[in-house]
Amino acid sequence: WGNGVQGEVTAGAAMSMLHFAKRYGALQSDGQPVDLEHFVGQARGSIKLLLGMYKGVPGSVLGGNRDAWVKWTMKQDKWRRGVPFP
């Protein structure tokens, strides 16, 4: 098991679940329907949180990265002077 979040994997999983539901209908597990919309909603919320926080979706996010990003944006050096965060 890993840790952290890979935004592109989250987005891909959400798109895959929506595609599956559209193409094949409701997913079943042990004869019970699985609410894919719930999981898509969770993935969507995660992506929206990253977009709001970083104005983009970084490849990987581990705990504490926002603090590092804030420090990076506040730091002035000769290589990044006046250059916005990518």
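The axes of helix α1 and helix α2 (residues 36–54) come within 9 Å and cross at roughly 150°. Axes here are lines fitted to C-alpha atoms, for helices over the stretch in contact, and angles run from 0 to 180 degrees between N-to-C directions. α1 and α2 are therefore roughly antiparallel to each other, a term for angles over 145 degrees, as against under 35 for roughly parallel, 65 to 115 for roughly perpendicular and oblique for the rest. The crossing of α1 and α2 is left-handed, meaning that the near helix is turned anticlockwise from the far one by less than a right angle.

The model is predicted: local features need pLDDT of at least 70, side-chain atom pairs count only at pLDDT 80 or more, and totals for chains, interfaces and linings use all residues. Residues are numbered from 1 along each chain as its sequence is written, and side-chain values use heavy atoms, with hydrogens and water left out.

In the protein chain as a whole, three helices and two strands make up the secondary structure, and their order from the N terminus is α-β-β-α-α. Helices (H or I, at least four residues) and strands (E, at least two) are DSSP runs, numbered from the N terminus. Of the 86 residues, 15% count as buried, where buried means under 20% relative accessible area, exposed over 50% and partly exposed in between (1.4 Å probe, protein chains only). The accessible surface of the protein chain is about 7000 Å², and carbon and sulfur atoms account for 60% of this surface.

Where α1 and α2 meet, the α1 side includes A14, M17, L18, F20 and A21, and the α2 side includes L36, F39, V40, A43 and I47. Contact means heavy atoms within 4.5 Å. F20 deserves a separate description. Not counting residues up to four places away in sequence, F20 touches G25, L27 and L36.

F20 also takes part in the one aromatic pair found in a search of the whole structure. Its partner is Y24, and the pair is tilted, with 5.1 Å centre to centre and 45° between the planes. Rings of Phe, Tyr and Trp (its six-membered ring) pair if their centres lie within 6.5 Å; planes under 30 degrees apart count as stacked, over 60 as edge-to-face and the rest as tilted. Because F20 and Y24 are four residues apart in helix α1 (residues 7–24), about one helical turn separates them. F20 counts as partly exposed at 30% relative accessibility, whereas Y24 counts as exposed at 55%.

D30 lies in the loop between β1 (27–29) and β2 (32–34). Its phi is near 55°, a positive value in a residue other than glycine. Most residues other than glycine have a negative phi. D30 is exposed, with a relative accessible area of 79%. D35 is found in the loop between β2 and α2 and is partly exposed, with a relative accessible area of 48%. D35 and A21 are 14 residues apart in sequence, and their C-alpha atoms are 9.8 Å apart in space.

Definitions and conventions: Areas by Shrake-Rupley, 256 points an atom, 1.4 Å probe, with all protein chains shown as cover.
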